Amino acid sequence: MSPLEDRIEKILRFQGPIAAVPTLYTKDGELNLEHLESFADYLFEIGVKGVFILGTTGESFTLELNEKIRLIETWHHILLRLKSNQKSMLAIVNISTMSTRESIILARLLTKLNSFDCIALMSPIIYKPTKESDLIRYFQKIIAKTDEEIGITGKKGLRSILFEAFNSNEIPFEEIIETFQQNNRMILPSLSSILPLLYSMGLRSLDFHQSVMKELREMLINRIENIANSTTMTSQAKDSTLMALLEKSFPLIKVPMLQPVVMVLLKNIENISDKYLQLLVADESLYNKCDVSVKRHIWQENSGLLINALSPILSDYIKEKEAIFANLKESRQSFFLLTPKQRRQNKELRELANMVGKNVILYDTILQFLRTVYLHTKNPHYCTLRVSLLMELHDESITDITSMDACHKFAWCLDACIRENTVDIKRVRELQGFLDNVKKGNESLWGDMAMALIDPYAINFLVQTVMRILNNQIINEACPRDHQTLQFLLRLLNLGLHAHEIIRNQSFREPRFNPELLTRFLPIIMGFMVDDQVRSVNSKLPPDDRESALTIIEHSGPPPDIFQTFILREPLAATIAVYYTAHAARQKDFQAVMRVIGSLTIGSTLDNFIYTDTYQHVLVSGLINLGEEFSNQNLCSLVFNEIFFPAMKLNNTAVHMIKLIYHVHQWMPKEELEECLSNLEQFSYSPEAKENITNAFRELMEHLEKLKEEKESKSTTQQAQSSASNENLNSVSTRIVHPMMTPAPHAYMSPSPSMSPYYSAQPAGSMTPMSPYAIGTMSPIPYQSPFHNPGTSKLPPSGSRPSDLGYSPSAY
């Protein structure tokens, strides 16, 4: 082990107290170095395991440079004596001074003595660095690279040799440099003959040697790869060869030119020694440059570093999901449009799978972390990630992991149902077999299956399937309890909706299913669906038959009280109610929506669980389809004042509210819209609002401002066209009504529509005479205002009155 490795290992394993030792003086104020040895022995006897020299109590800023050097040299001899007596102590020396030059001298002295373990250094106390980079440059200037530690004379050593030669003036510089090159094998006999030619061409020795080094480095890396991929060598022989190379080359890991070689060796060794892993962990720059295969070894023993690597990946994954909900322009349920295969092409998911590799321990640690995060946040996207990770490893045929995950076959079967968008009898039996055969001692599987079922994509698929089955039961005039598949799907939903409770309470058993959901709640939903169908048929009847149909069947009454009770107590009932409401809104059934949406206000469901992103996404995507129905004050007040505003601080409710306003603002009453925007503005720019809420509100206001500008621009254009049209009309009217220019009645010709846009197209001979001499009341020239029904060229019939045309003073 090199001195550097030995020192780092000593620091990593150190345990015990460290004394900030004082500097001893005589009565005359001189250094008392004689008593320093006995003082050190005393410290060791009382249990001190380390010393901090030249700290504040060590009079660091009052000692002169020569006194510090004498003190350091004395401690050097003390430490050597203690080490020889098996009494080694960790030694740290503070070299901070007001002079950079003095700090450099002390750093060089400590490197030369090589008996101290650490150097303490801070910037001069009266000069505060303004930037981190300035502080780093200051440290780099003082602490030069100690290449001598790996047995290679570096820049510092060469500088020392040249400096000594300059002072002695005995050996010529050329001879010193040549000796240095030969000792360090910088001049190879095979290259000696070519060097003069290269020099004559102006090529520097450094450039030449670096090019040779790069070529040799690539050859060495290829050789290592060939050994690792060899089919003729046994695994044991490979590991033995690579480990021998690593032991020789690891001391060079900080040499930039050779670092890639060491990294390739580490990458291709299956079992890396702990001593190397500890050295990598101790140096953050080396750790960051390691391949993920090397980091897996580190993460397996250091969960803190694993969590640090996981956190940004999970954060980006959640942000990507939230970005889908925050896409204001998309009015569909875009979150559920991606297929399972498309979802598994997610960048963060692939990074996570790459982190796991084939390491079972890492996989289990990551699953534990996902459970913990879900437990604290209740965010179902972490459950999606848990299932997606398992399915990604399944697709990659990582059987080492999938075979040990007891939830694998259940998750795969459920994933197949979602892919095919159907549940046949075979799949039902397979899924039911997993639920009915949870073995004793493996009860924790209930938690894993519940996490797979609370995945929003699974919930969406199961509820949609339940709604289709209920519709089929209506057609077949059958009850919900008569359908076995429906009962099993409700069982799956009930398990998934209790996932957080199961994990939180560690109650690993199937939650109780309330049978009244099947016998009382679902019949109510089916009744709503029947009423909706009756109402739809009634709307298509001739107007005269509608009233008689309404008297036969009442299909718009309020839901029974038990309906609200179910929603308040049963998450399954609330989930089905949300999906029913969204479906009614997509069908633009205003009465059906108004009938049930009042049951979804804040506080009406258990723990307000329907105020999560996915449920609100489903609801808002449906409500957008109502469009002009939002001109109804009752609907606006119910949706915004009772559902969204009271829950604005929950999750991303504000984002979903902003999205709804983005699509229906043109129909909302002016006062309601202004109140909504005022409340949203106040919340969006408050400290408690997340960045995505602020960005969404800003996008909404920019959209409204753009529409306003377009409307004003269009209005200005229409006014200009109106002025021009009025001028043309006055000119035409003057020519027609003047008596001297009007032909006799018997000679009147019906004008062609192409003559003027202000004439109605009528058959010849049927047009009302325009002459003032005609018998009967003269009809005015029909005028089509550009402000009335703009965009159509069809004119009202001649003789129409302004009131018949819908004109009013305000229209102008």
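Visitor: Let's start with charges. What can side chains of opposite charge do when their charged atoms come close?

Guide: They can pair. In this predicted model, a search of the whole structure turns up 22 salt bridges.

Visitor: Which residue does Glu 37 meet in a salt bridge?

Guide: Arg 81, at 3.2 Å from N to O. That pair links distant parts of the chain, with Glu 37 in helix H2 (residues 36-45) and Arg 81 in helix H3 (residues 65-84), 44 residues apart. Glu 37 counts as partly exposed because its relative accessibility is 35%, and Arg 81, at 25%, counts as partly exposed too.

Visitor: And where do Lys 254 and Asp 283 lie?

Guide: First, the contact: these two form a salt bridge, and their closest N and O atoms are 3.3 Å apart. Lys 254 lies in the loop between helix H11 (235-249) and helix H12 (259-267), while Asp 283 lies in the loop between helix H13 (274-282) and helix H14 (284-289), so the pair ties together parts that are 29 residues apart in sequence.

Visitor: Is Asp 283 buried or exposed?

Guide: Buried, because its relative accessible area is 17% and the cut-off for buried is under 20%. Lys 254, at 46% relative accessibility, counts as partly exposed.

Visitor: How far apart are the closest N and O atoms of Arg 491 and Glu 510?

Guide: 2.6 Å, in another salt bridge. Arg 491 sits in helix H26 and Glu 510 in the loop between H27 and helix H28 (516-539), 19 residues apart. Arg 491 counts as buried at 18% relative accessibility, whereas Glu 510 is partly exposed at 28%.

Visitor: Which residues are linked in a network of salt bridges?

Guide: Look at Arg 344, Asp 395, Asp 415 and Arg 419.

Visitor: Last one: which residues make the nonpolar surface patch?

Guide: Phe 61, Met 98, Met 122, Ile 125, Ile 126 and Tyr 127 make a patch of about 640 Å². Tyr 127 is in the loop between strand E4 (118-120) and helix H5 (132-142), and counts as exposed because its relative accessibility is 55%.

Terms used
Residues are numbered from 1 along each chain as its sequence is written. This is a predicted model: local features need pLDDT of at least 70, side-chain atom pairs count only at pLDDT 80 or more; totals for chains, interfaces and linings use all residues. Side-chain values use heavy atoms; hydrogens and water are left out. Patches are made of residues with over 30% relative accessible area and no salt bridge: like charges are joined within 9 Å, nonpolar side chains (Val, Leu, Ile, Met, Phe, Trp, Tyr) within 5 Å. Accessible areas come from the Shrake-Rupley method with a 1.4 Å probe; for residues, only the protein chains shown count as cover. A salt bridge is a side-chain nitrogen of Lys or Arg within 4 Å of a carboxyl oxygen of Asp or Glu. Helices (H or I, at least four residues) and strands (E, at least two) are DSSP runs, numbered from the N terminus. Buried means under 20% relative accessible area, exposed over 50%, partly exposed in between (1.4 Å probe, protein chains only).
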